[in-house]
Amino acid sequence: MELISGLSFQTLFDVSPDAMLLSDESGLIVLANPAALTLFRYTKEDMCKLKVEALMPVRHREYHKHYRKAYIHKPEARSMSNGRALIALRSDGQELTLDISLTPLKTNEQLCTLAIFYPTDRRRVAEEAYRASEERLKLATKAADLAIFDFDSNRNVLHWDEDMRLLWGAESTDSISNKRFSTVIHPEDRKARQSALDNAIDPKGNGEYNSEYRVINPSDGSEQWVSAVGRMHFEDGHATRLVGVARNITRQKVFEDKLRKQRNENEILFKEQVAAQTISAIAHEINQPLTAISAYSEVALRAMKVGGIYPDNLKRALEGCVHQAQRAGNSLHELLSFLNKSNLVREVFDLNRTVKEALTIAKDDGYGGFYPELQLEKKMPNVIGNKTQVQKVIVNLIRNAVEAMQGIGIDDSKVMITVQTHKSINLAHLLVKDNGPGLDVETQKHIFEPFFTTKPTGIGMGLSISRALIEANGGELWFEPNATKGATFHFTLPFAT
Amino acid sequence: MTQSDATVYIVDDDSAIRDALTLMLEQEGYLVRLFESAEDFLAAYKSEQFGCAIIDIRMSGMSGMQLQEVICERNILLPVIFLSGHGTIQMTVKAMKAKAVDFLTKPVSAEKLLNSVRMAVSESGRILTESARYRNASLLLAGLTERERDVLAEAVQGHSNKEIARHLNISHRTVEIHKSRIMQKTGALNLLDLARIALEGSTLIN
């Protein structure tokens, strides 16, 4: 007891391993223990001239003055930081992260404050920072309408967040098997999504995952478009984890669909108008001489029946018939030669590349619901012809294939495009093969005739024009039924050399 | 005015069609005048001819439909037959509303065309007679004073002199004087004849 009672405040203060300061009501430092001097790197003399604000960064000083006044009004022993780490300033300008506790000490003259400094609990700070960052991420994803997923490709299990679960129809588990996850995806989109995933898993690839698919909510049957983007992580050349975000893009898709439909309708309308005007022009060219011939012949006929016409007039009528019949014939010849010439510009181009461009055009035009499979002969020589026309023909053949398949509701619409050198003759040979319904015998007979169509909105010019274009480019276009199902259209083009 | 006095105006930019139709119409005894454009026809046409016009719809320059509009605007009293490669229903309706006699499709049979021409020519005769009567009546009515026209308007509605006097706030005797002057000026035989004249020249009466 003696020993203990002999220990003065000063002694305890000086031996404490924790840095301690005593400040008066004005904030002036009246006492500093050696630990504090070491911590802040001051001499005793220097430190006891300072106000406590001198021990903190300039940016916090003003605020601290208010804080200090408030504390004097309501002094209590407590932590200064309420769990947050505080920043103190060393004499050499170095900032220190510390926890600080405050204790009021009443002396006779005035209220002093004892401040004790502890090194910050680093783990707690790290947790704090992590929590803040989580919070930020959550707010950001919420603001951007993003859902987060984390796919474990070893276990084939997907971890997902609340937003993602909502899209899938509110399953309350944190994770879901890939198989189960897929059942909610629209059957038509499953294959494309799986192949995007397979690509990302492939260690030879770049690990990028990018897929758009429809999700059918199992609880209410509603359909939503989802765009998922992510990146696969690899360990020792093996895919381990795919982290990414998913976004509901239904509104955008609906809008795009509307726009595309409108564009297609406009295009059909335009084509119909062009066709109507062309036909009307041709009809006029033929109808005029027919009208004259009909009138001339009736005049001649009546003259023969009734008599009373001058021989000169009869001759005029019959000559008129002959001239007008020839005029009609000439009009047709002119028209045909105009169609055949039509300023064909020839150029040397890479057929493989043109096939890829045609695929892009077909997809952009809203014929995206199919899986193209390309078999391109590498190092094939360039072909010669009008590239734009050839491209149009390829797009047309792809569309026909896709429409044929969609017409009978095949969801696995595969279009196989092969580019090869024709075996027997030295020509480039392109094949567009579908697994649609194929063509019946009657259709096969008429397929290349103008105005023959099996489509509700078609005008029946596609294949006849395609054939004319390929022939104008020095090739041939034909059709062969597949051994199993569907049809294959072929065309050839001459090589440039 | 018999059919053979009639002139058929052919407006068509196709010389073969003009030539063939000329032969056909001359064979029937019509006089034929040819124009290769609507503009030529309008420049040459003098008012109130007996006959009809056969107009092609599709012509370079002014079209057949436009020509018909001008014909209506200028009050040209010539019945019109249209010839067209393929007349749409709207076109036909529009032409018929503007009082075309017929809308024929090329190639046209002689029977159809000549039938239409006959109809159009008799229509032309009717229009010209009516127009002459109108001009006549208008001329007769033009000599009346304003007061006399008021009395005429009342009289042809079948009002008695007494009623007319009351309506116009004049004496019975004054009505009688106006009436006898009206009969004198128009040369009407009786009240019925006066009513006919008034109707034929009706645009002049208030």
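The exercises below concern a predicted model.

**Exercise 1.** Determine which residues of helix α6 of chain B are buried, and why they line one face of the helix.

*Solution.* Step 1: A residue counts as buried if 20 or more other C-beta atoms lie within 10 Å of its own. In helix α6 (residues 146–156) of chain B, the buried residues are V151(B), L152(B), E154(B) and A155(B).
Step 1: Viewed down the axis of α6(B), these buried residues fall within an arc of 165 degrees, so they line one face of the helix.
Step 2: An α-helix has 3.6 residues a turn, so residues three or four places apart point the same way.
Step 3: The partners against which the buried residues of α6(B) pack are α7 (161–168), α8 (172–186) and α9 (191–200) of chain B.

**Exercise 2.** Describe the two faces of strand β10 of chain A and its pairing with β11 of chain A.

*Solution.* Step 1: On strand β10 (residues 208–216) of chain A, the covered face consists of Y209(A), S211(A), Y213(A) and V215(A). The uncovered face holds E208(A), N210(A), E212(A), R214(A) and I216(A).
Step 1: β10(A) and strand β11 (residues 223–235) of chain A run antiparallel and are joined by 9 bridges. N210(A) stands opposite V229(A) in β11(A).
Step 2: The two strands, β10(A) and β11(A), form a hairpin with 6 residues between them. In the turn, G221(A) has a positive phi of about 75 degrees.

**Exercise 3.** State how many residues of chain B are in contact with chain A, and which helix contributes the largest share.

*Solution.* Step 1: Contacts link 16 residues of chain B with 20 residues of chain A.
Step 1: Helix α1 (residues 15–27) of chain B supplies the largest share of chain B's side, 8 residues.

Notes
Residues numbered from 1 in each chain as written. Chains lettered and ligands numbered in written order. Predicted model: local features only at pLDDT ≥ 70, side-chain atom pairs only at ≥ 80, totals over all residues. Contact = placed C-beta atoms within 7 Å. Helix = DSSP H or I, 4+ residues; strand = E, 2+ residues; numbered from the N terminus. Buried ≥ 20, exposed ≤ 12 C-beta atoms within 10 Å, placed from the backbone. Arc of directions from axis to C-beta. Pairing = 2+ DSSP bridges.
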